[in-house]
Amino acid sequence: QVQLVESGGGLVQAGDSLRLSCAASGRTFTRYVMGWFRQSPGKEREFVARISSVGVRKYYAESVKGRFTISRDNAKNTVYLQMNSLKPEDTAVYYCAADDPVGAGLGEYEYWGQGTQVTVSS
């Protein structure tokens, strides 16, 4: 059983930066692909970014490419999302998720955090 605990959300102004953190329990963190997702009221959940188990490969949604950076520190069981040049359209609940390659399969995220609110004012 894996628990994901997020922190770092808050209220900021357009153009500001924010760093989200996601701390995972357990000793199998190093084999997980980690991802960030977000959801706004009335919209479906959308993919934001993901990072491979050793941190070499990173993928981003087109809407955040060049502004957001995903990273991980396996020694600390933690994944980060650095968000720069924030826009009002980035306002959403942000979720951390873990994809276990020996679970349901790659792309099937088995574990989710509780979500953290990010609000960007204009």
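**Strand pairing, a disulfide and selected residues**

In the hairpin formed by strands S4 and S5, where six residues lie between the strands, Gly42 takes a positive phi near 80 degrees. The structure is a predicted model, in which local features need pLDDT of at least 70 and side-chain atom pairs count only at pLDDT 80 or more, whereas totals for chains, interfaces and linings use all residues. Residues are numbered from 1 along each chain as its sequence is written, and side-chain values use heavy atoms, with hydrogens and water left out.

Strands (E, at least two residues) and helices (H or I, at least four) are taken as DSSP runs and numbered from the N terminus, and two strands are said to pair if DSSP finds at least two bridges between them. On this basis, S4 (residues 33–39) pairs with S5 (residues 46–51) through five bridges in the antiparallel sense, and Met34 has Ile51 in S5 as its bridge partner. The hairpin of S5 and S6 has six residues between its strands, and Gly55 in its turn shows a positive phi of about 85 degrees.

Asn77, with a phi near 55 degrees, is placed in the loop between strand S7 (68–73) and strand S8 (78–83), while Ser85, with a phi of about 50 degrees, is placed in the loop between S8 and S9. For accessibility, buried means under 20% relative accessible area, exposed means over 50%, and partly exposed lies in between (1.4 Å probe, protein chains only). Asn77 counts as buried because its relative accessibility is 16%, whereas Ser85 counts as partly exposed because its value is 41%.

A disulfide, defined as a pair of cysteine sulfur atoms within 2.5 Å, is a covalent bond between the sulfur atoms of two cysteines. The count by this rule is one disulfide, which joins Cys22 to Cys96 with an S to S distance of 2.1 Å. The pair links distant parts of the chain, as Cys22 lies in strand S3 (residues 18–24) and Cys96 in strand S9, 74 residues apart. The angle about the S-S bond is -80 degrees, and the link of Cys22 and Cys96 is left-handed. Cys22 is buried, with a relative accessible area of 0%, and Cys96 likewise counts as buried at 0%.

Tyr94 also lies in strand S9, and it counts as buried because its relative accessibility is 0%. With contact meaning heavy atoms within 4.5 Å, and with neighbours within four places in sequence left aside, Tyr94 is in contact with residues including Glu6, Leu20, Phe37, Met83 and Val118. A polar atom of the Tyr94 side chain lies 2.7 Å from the backbone oxygen of Asp90. Tyr94 and Arg45, which are 49 residues apart in sequence, are 9.4 Å apart in space from C-alpha to C-alpha.

Asp100 is found in the loop between strand S9 (92–99) and strand S10 (111–112), and it is buried because its relative accessible area is 6%. A polar atom of its side chain lies 3.1 Å from the backbone nitrogen of Val102. Apart from neighbours within four places in sequence, Asp100 is in contact with Arg31, Tyr32, Gly105 and Glu110.

Note on methods. Polar contact = N/O pair within 3.5 Å; in protein donor to acceptor, adjacent residues only side chain to side chain.
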